Amino acid sequence: MSHPFVVAIPARHAASRLPGKPLRLLGGEPLVLHVARRALAAGADAVWVAADDPRIADALAGSGVRIAMTSPDHASGSDRLAECAAIAGWSNDTVVVNLQGDEPFAPAAGIRAVAAALVDSAADMATLATPVEDAATLADPNAVKLVRAASGDALYFSRAPIPWPRDAWATAEGRAQLPGGHQWLRHIGIYAYRAGFLKRFAALPPTPLERAESLEQLRALEHGHRIAVALSPEPFPPGVDTPEDLERAERRLAAG
């Protein structure tokens with residue numbers, strides 16, 4: 001069963017690791033346009049881009065998405081989307097999928113799956129995960145890991161390997177291999193929430209765990225809110241955060 005939802009894409013021009021990221025060209029077209037097309041392909045009732053620079057709006061002219069011009073001073077994507085929700089006039093019950101503006105290969109099935117996970121679980125938020133496939137990813141602090149309860153709700157997110165494979169990784173040699181017997185999960189940074197919760201979440205003060213790991217979703221957990229975690233039905237290729245990521249994305253696009 002499909003669930004009505006809107007997609008909101010935070011697009012910040014002043015990205016620290018890749019300045020002007022939304023407008024960087026991928027296959028000769030702005031990165032944010034690729035992301036917008038993915039959202040449109042998912043069957044959203046509407047697709048909004050929460051931009052902080054008029055050049056982003058210009059790049060999306062005629063694409064079929066709506067633009068919310070938001071403050072350049074927002075500290076996070078959630079803050080930007082909370083302003084977008086006010087501009088768009090969404091009701092508190094509107095299901096909003098937060099698709100990062102650097103996900104040019106986000107599968108439509110994954111976008112729909114996170115909306116369904118929110119509705120089916122009745123949690124405050126929902127997100128996606130995918131199995132970790134190698135030891136390097138498990139050890140990589142840029143790859144966020146998570147653990148779930150038996151119910152499917154998130155227990156914790158971390159840049160560290162969680163759970164720590166104590167026996168298998170007792171030696172440096174052992175850490176070269178992904179241990180068997182457990183399914184480690186990598187977090188995919190896509191979220192769904194109802195517009196009313198989005199506004200409340202953005203108004204919450206940052207928390208110690210959030211600041212320690214630099215992971216905004218920990219704010220929700222630390223304040224006692226449920227985050228449902230579904231496995232992505234299709235692979236979610238890595239997003240674009242650095243010039244090297246952009247080069248890799250070019251190769252992927254060229255390979256079809």
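**Close-up 1. Ala122, an exposed residue in a loop.** At a relative accessibility of 61%, Ala122 counts as exposed (exposed means over 50% relative accessible area, buried under 20% and partly exposed in between, with a 1.4 Å probe and protein chains only). Ala122 is found in the loop between α4 (108–121) and β7 (helices, H or I with at least four residues, and strands, E with at least two, are DSSP runs numbered from the N terminus). Although Ala122 is not a glycine, its phi is positive, at about 60°. Before moving on, please note that this is a predicted model, in which local features need pLDDT of at least 70 and side-chain atom pairs count only at pLDDT 80 or more, while totals for chains, interfaces and linings use all residues. Residues are numbered from 1 along each chain as its sequence is written, and side-chain values use heavy atoms, leaving out hydrogens and water.

**Close-up 2. Ser214, in another loop.** Look for Ser214 in the loop between α7 (208–213) and α8 (217–222). Ser214 has a positive phi near 55° and is a residue other than glycine. With a relative accessible area of 55%, Ser214 is exposed.

**Close-up 3. Thr127 and its neighbours.** Thr127 belongs to strand β7 (residues 125–131) and is buried, its relative accessible area being 0%. Its side chain makes a polar contact with the side chain of His187 (2.7 Å); such a contact is a pair of N or O atoms within 3.5 Å, where within protein one must be able to donate a hydrogen and the other to accept it, and residues adjacent in sequence count only if both atoms are side-chain atoms. Leaving aside residues up to four places away in sequence, Thr127 touches several others, including Val114, Phe157, Tyr191 and Ala230 (contact means heavy atoms within 4.5 Å).

**Close-up 4. Trp48 and Trp90, an aromatic pair.** The structure holds three aromatic pairs (rings of Phe, Tyr and Trp, the last by its six-membered ring, pair if their centres lie within 6.5 Å; planes under 30 degrees apart are stacked, over 60 edge-to-face and the rest tilted). In one of them, the ring centres of Trp48 and Trp90 are 6.3 Å apart and the planes stand at 85°, so this pair is edge-to-face. Trp48 sits in strand β4 (residues 46–51) and Trp90 in the loop between α3 (77–88) and β6 (95–98), so the pair links distant parts of the chain, 42 residues apart. Both Trp48 and Trp90 are buried.
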